[in-house]
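Good morning, and thank you for coming.

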Amino acid sequence: MALIDVHHLTKQFIVRTDWLGRPRTVLTAVHDVSLTIHSGETVGLVGESGCGKSTFARTVLGLYKKTSGTVLFKGKDVENPDTADAFHRQVQMIFQDPYASLDPRMTVEDIIGEPLRNYGICSSPSQLRQRVAQLLDEVDLTREAAQRYPHEFSGGQRQRVGIARALALEPDCIFCDEPISALDVSVQVQIVNMLQRLQKERNLAYLFIAHDLAMVHHLSRRIGVMYLGRLVELGDGDAVYHRPLHPYTQALIAAVPVPDPHCRRQVCLSGEVPSPLDPPAGCVFHPRCPLADERCRSEVPVLRDMGAGRMAACHHAGKEAL
Amino acid sequence: MNDHLLSIDNLSISFRTYRGILEATHKVSLFVDAGETVGIVGESGCGKSVTAHAVMKLLPRDSAIYSSGRISWDGRDIISLDEGEMNRLRGRDMAMIFQDPMTALNPVLTIGNQIEEGLRYHAMSRQEAEQKALSLLQEVGITSPERRLHQYPHELSGGMRQRCLIAMALSCEPRLLFADEPTTALDVTTEAQVLQLLRTLQQKHQMAVVLISHNLGVIAQMCRRVYVMYAGVVVETGRVEDIFDHPAHPYTKGLLASLPDPAHKDKVLTGIAGQAPDLFHMPRGCRFYPRCSHAMRICARTVPPAYEQETGHTAACWLLCPEREVCHGSH
Amino acid sequence: MTPDDFAPLQDRDKEVLYVPPQKLRERGWQQMKHNKLALWGLGIVIVMTLLALFGPLLAPYSYADQDLSMANAWPGPEHWFGTDSLGRDLFVRVLYGARISLSIGLVASLINVFIGVLYGGFAALSGGRTDRIMMHIVDVLYSIPMLLYVILLMVVFKPGLINIYLALGIAYWLNMARIVRGQILSLRQQDYVMAARSCGASTWQILRRHMIPNCVGPIIVTLTLSIPDAIFTEAFLSFIGLGVSAPMASWGVLASEGINSMRSFPFQLLFPAIALCLTMLGFMFLGDGLRDALDPQNEKEGGR
């Protein structure tokens, strides 16, 4: 059974209201996205900024109120109060900015201990201290760190504190929202390796959100690609990375600068991501797509099964676009 | 030596802070020839931007100190130039584009105003300036430039803003362009567009480009020669192929080992342990030794000199010391 | 060089784990220490407070002692600031005025904080329509000139110390409410509040652990900056005769008495005016310094 099952999730934000408070401009940040996460696997979610990947994660977790769709946790709807409690306990989150995601006025012990306090897990202060020390060991920080404030640490160390906090409740799944994009290259590897180690030790599932395709490919068993709030491709990590079906995925992979001076490429996609306030009709990618034809301009492509567990939302899926 | 367009010798830059004097770069030497693209790569705080800002003399004047070394531009010493001479040099001879195009553009002026301002500075009539601005916008690939001229920075996307910034930098046809993390704030597809643009412009105008980036991919795709910086010093330099094919310094090796290899997905990345030192507490010997897996006793005591591997490829590491082989033989 | 030099390094320094320890508060203090004006401000405020508290106790005269034979005496060793037209010692009266003015500044500001924090906090936390209506009310009140409003209140209340407290407190909370609301709304968007919610914190826990501690800084700054406002308004009210009543003396009363004889005895106006100016400046400088020191933006920049 799937650990987390998201069906047709849509999230809209009201950008502007009239003076009576009625919505006037609505932004669809996530449009009809379905995704399944099995226990112990890593699902990567890639896309450019503003494609709705973070909003998707936050909406699934209930940090934003969803507009429509259902989220099932171990087969049960999370709107059911009993499931909701287990869901919020078992699914934790790591944030992108290790500076902003830790309260500057709390010590590391208070930060890591916060989830434990919320659920009343450690009854005595000494028990709590012990548990925090254990968690610090887990993320390779020294125990003295407990009494310090976040600003005394470097970015990578702060991110470790964030991971320790996410681990405190022994979750089944962690949503990692761009956990490494704010870090230096050499530190990124330390965090990535730590995430992999923890996954092996605890059979954790990850939803790994990033814009660094190479890193997502390195970590994930399955990869989903989002564009303008839609999931345009989903499938096995290697297949998506090496044999992308959707023209956008192809362009995205081709655009990554390869760290090899012998392999200089000059491919690029023309144009820019349109405003999500006014998405194009038909396939949202058609104004930039080299394969676009009349059908793409009028008919919205649905995410369809392409065999071998792969899905793509494109009328021309599988054709070479570049 | 002096036929380089720009050459920097042993440049050390310090800053006065309330915690004391902080040395941001230490004895950095580099040169740029006319028309070539040189990359400076390193992680945050390694002094790569400071070096570029030092050449442009854009460092805050009340706190930055040029503590040693010289910068010569076409044989002229830059450090001793006064502000007036420097202003003539900036823009006409060298220009800079920044990481965040939003902060580098004035939000209350239209794009047209900002481009024309630089042109009119160099004695051009209003009509001429507007014509030139239009053609510049066309050159950097901005669609419907007539409309863009009258728009404000916030009305443009990040990629568009970076293009405008490039247009401004190009307005006086500089011979050297500093690109300080020009694509870091951009998405991958936009990044590819901006890099392509830079490449085209560089070839067309035959200008030299100094590309500062933490992204090894960008460096590999764009540059001819590379300087690798760590904690304020240049640890390795050479042709881009030397650096990527036969890295000599353990730091460079570590950086390259931090990149995932799409062909071997299951390989564990090695990376580099630890983290960059605090600039106030610099190790005495080699600045990298606390994180280096090959560290030797001498590394903790003495700063390694730069050893030449091949022509133009040098690395500052004791592992490359010829006497080490001899010593090992006798051991 | 010897072979020994090239032996592998055995006992290495332990990984440098921290940026040298520096507590949050020390950091704020460091900032303050380098801000000369703020230190002067702090000094003035402390001295004024001490003088206001203990000065009148040590002085040989009381604020109401009249000595008509010494009326309108110029400053001298006997009466440092001279005397007024009824022969009351001006130095003691200025000190006593400091008591009244400072206490008005403080109490009125505390009432501001109380109302402002509750109102702004409630608006921000309830959000939606309630928030919009509450803030529209604030906007409407904002459009009324506050001084007019206070004067009207004072006319209704009758002059007196307690009534001044109330009138100023009731009138000037608008700014505080706006600031608290803005702060809470921006905190709600912070990642660490999101993080707290994602690990199961209730609204009350978020409020207690994250919102309130992070609101304290801006509240203190606004408080410090609103004290001189209150003092000045009180001085103005007393000046036009709506403030404290005789023989009590606030700086405004003293200035208003002094202005009658400005031509012949300028010191009677000068000394209360100087005391008023110094205090205002002191609080302003202190407030500005605190704003710089408590700004979380400063805590962020760590390494370089």
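**A buried aspartate**

Asp177 of chain A counts as buried, because its relative accessibility is 3%, and the cut-off for that word is under 20%. Please keep in mind throughout that this is a predicted model.

Where does Asp177(A) lie? Its place is in strand β7 of chain A, which covers residues 173-177. Setting aside residues up to four places away in sequence, Asp177(A) touches Ser54(A), Arg58(A), Met93(A), Ile94(A), Phe95(A), Gln96(A) and Ile209(A). With one of these neighbours, Ser54(A), the side chain of Asp177(A) makes a polar contact of 2.8 Å.

**A buried helix**

Let us stay in chain A and turn to helix α9, residues 247-255. Of its 9 residues, 9 are buried, so the helix is largely enclosed by the rest of the structure. They run from Pro247(A) and Tyr248(A) through Thr249(A), Gln250(A), Ala251(A), Leu252(A) and Ile253(A) to Ala254(A) and Ala255(A).

What do the buried residues of α9(A) pack against? Within chain A, the partners are β3 (42-46), α7 (213-219), β9 (222-227), β10 (230-236) and α8 (237-242). Chain B takes part as well, through its own α8 (188-205).

**Where the chains meet**

That brings us to the interface. Chain B contributes 43 residues to the contact and chain A contributes 42. The area buried between them is about 3400 Å², and carbon and sulfur atoms give 53% of it. Three residues, Thr189(B), Gln221(B) and Lys265(B), supply 21% of the area that chain B buries against chain A, more than any other three.

How many salt bridges cross this interface? The rule finds 0 between chain B and chain A, whereas it finds 24 residue pairs in polar contact. On the side of chain B that touches chain A, the elements giving two or more residues are α7 (158-170), α8, α9 (216-222) and α10 (240-245) of chain B. Of these, α8(B) gives the most, with 8 residues.

**A sheet in chain B**

Finally, chain B holds an open sheet of 4 strands, ordered β2-β1-β4-β5, with antiparallel pairing. Its edge strands are β2 (20-32) and β5 (76-77), each of which pairs on one side only. Strand β1(B), residues 6-17, is joined to β2(B) by 9 bridges; for example, Ile8(B) has Leu30(B) as its bridge partner. Helix α1(B), residues 48-56, packs on this sheet and touches β1, β2 and β4 (64-73) of chain B. The direction of α1(B) makes about 105° with that of β1(B).

Technical notes
Residues are numbered from 1 along each chain as its sequence is written. Chains are lettered from A and ligands numbered from 1 in the order in which they are written. This is a predicted model: local features need pLDDT of at least 70, side-chain atom pairs count only at pLDDT 80 or more; totals for chains, interfaces and linings use all residues. Side-chain values use heavy atoms; hydrogens and water are left out. Two strands pair if DSSP finds at least two bridges between them. Contact means heavy atoms within 4.5 Å. Axes are lines fitted to C-alpha atoms, for helices over the stretch in contact, and angles run from 0 to 180 degrees between N-to-C directions. Buried means under 20% relative accessible area, exposed over 50%, partly exposed in between (1.4 Å probe, protein chains only). A polar contact is a pair of N or O atoms within 3.5 Å; within protein, one must be able to donate a hydrogen and the other to accept it, and residues adjacent in sequence count only if both atoms are side-chain atoms. Buried area is the accessible area (1.4 Å probe) that two parts lose on being put together, summed over both. A salt bridge is a side-chain nitrogen of Lys or Arg within 4 Å of a carboxyl oxygen of Asp or Glu.
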